[in-house]
Amino acid sequence: MADSNDDTLDPTTPDQREIGRKMVDEGTGLGSVMAHAYRGELGRVDTWRQRLDQTTTWAVTVMAAILTWAFSNPDNPHYILLIGIMVVAVFLGIEARRYRDYDVFRARVRMLQENLLATALDPSRDVERTDWRVELSQDYREPTVKVSMQEALANRLRRVYLALLGVLLVAWVFRVTAFAAREDWVETAAIARIQGLVVIAVVVAFYVALLAIALWPRERQAKGEFSKGEEGDWKDSDAKDESRNR
């Protein structure tokens, strides 16, 4: 193996590209360091994953409390549901920011899995990225986020928050229509001196913006585990291996 202290180290040379196999076949100090680094990155991924779940839990809890109070008495104002929508939107922003931090550590874990562990397990296949060591080293020197705020918002909307905000929207529409049998529902949607049509227009514009963020086509930057392959590939591979053994 080339001297790790050599400033002219070329990570794309065959000797360096097979570093994953050599870490397993040879008792190198670098292999031990990378094992500890990988364990540490997994711990950070788990910590940030829990922080994401905590944000979602708080959003669901607040939403449930608001829905319960809004429908507990017909005299309760309908705009409490709009306040609930704004509160859940704040949680969405917090979770999107946390998701960007979470993706930093998940990207490192995936980099090690794809290029180090996978190559060590199956040396017959080349690494996914020939310069992965340089990229990982640079990220340790100067950590940077990997996804934009727009992508983070879109991810959390599609995974969780479109459903939560959709429930609140349906609840608000039901509240201003079914609970206003003797009045025009547009007038019922009014808040103080703000006309009902204005309130409805703002709500519609807000949800159109959410759908645009969630569904707008963009190139994926997040380093996900399941972005490639088809369902059942693992089972199909096992079946093929069994048929060959027969």
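When I say contact, or that one residue touches another, I mean heavy atoms within 4.5 Å. With that settled, let me take you through the chain, which is a predicted model in which local features need pLDDT of at least 70, side-chain atom pairs count only at pLDDT 80 or more, and totals for chains, interfaces and linings use all residues. Residues are numbered from 1 along each chain as its sequence is written, and side-chain values use heavy atoms, with hydrogens and water left out.

I will start with confidence, where pLDDT is the predictor's confidence in each residue, from 0 to 100. The chain averages a pLDDT of 80, and 75% of the residues score at least 70. Over residues 1–5 the pLDDT is below 50, although this stretch has nine contacts in the model beyond near neighbours in sequence. Where pLDDT is low, the predicted coordinates should not be read in detail.

Of the contacts with a separation of 6 or more, 76% are between residues 24 or more positions apart. Buried residues, meaning those under 20% relative accessible area with a 1.4 Å probe and protein chains only, make up 33% of the 246 residues.

Now to helix α6 (residues 149–177), whose axis comes within 8 Å of that of α8, the two crossing at roughly 145°; here axes are lines fitted to C-alpha atoms, for helices over the stretch in contact, and angles run from 0 to 180 degrees between N-to-C directions. On the α6 side the contact includes L153, L157, L165 and W172, and on the α8 side V199, V203, Y207 and L211 are among the residues involved. The residues of this contact divide into 16 nonpolar, two polar and one charged, where Ala, Val, Leu, Ile, Met, Phe, Trp, Tyr, Cys and Pro count as nonpolar, Asp, Glu, Lys and Arg as charged, and the others, Gly among them, as polar.

Technical notes. Helices (H or I, at least four residues) and strands (E, at least two) are DSSP runs, numbered from the N terminus. Buried means under 20% relative accessible area, exposed over 50%, partly exposed in between (1.4 Å probe, protein chains only).
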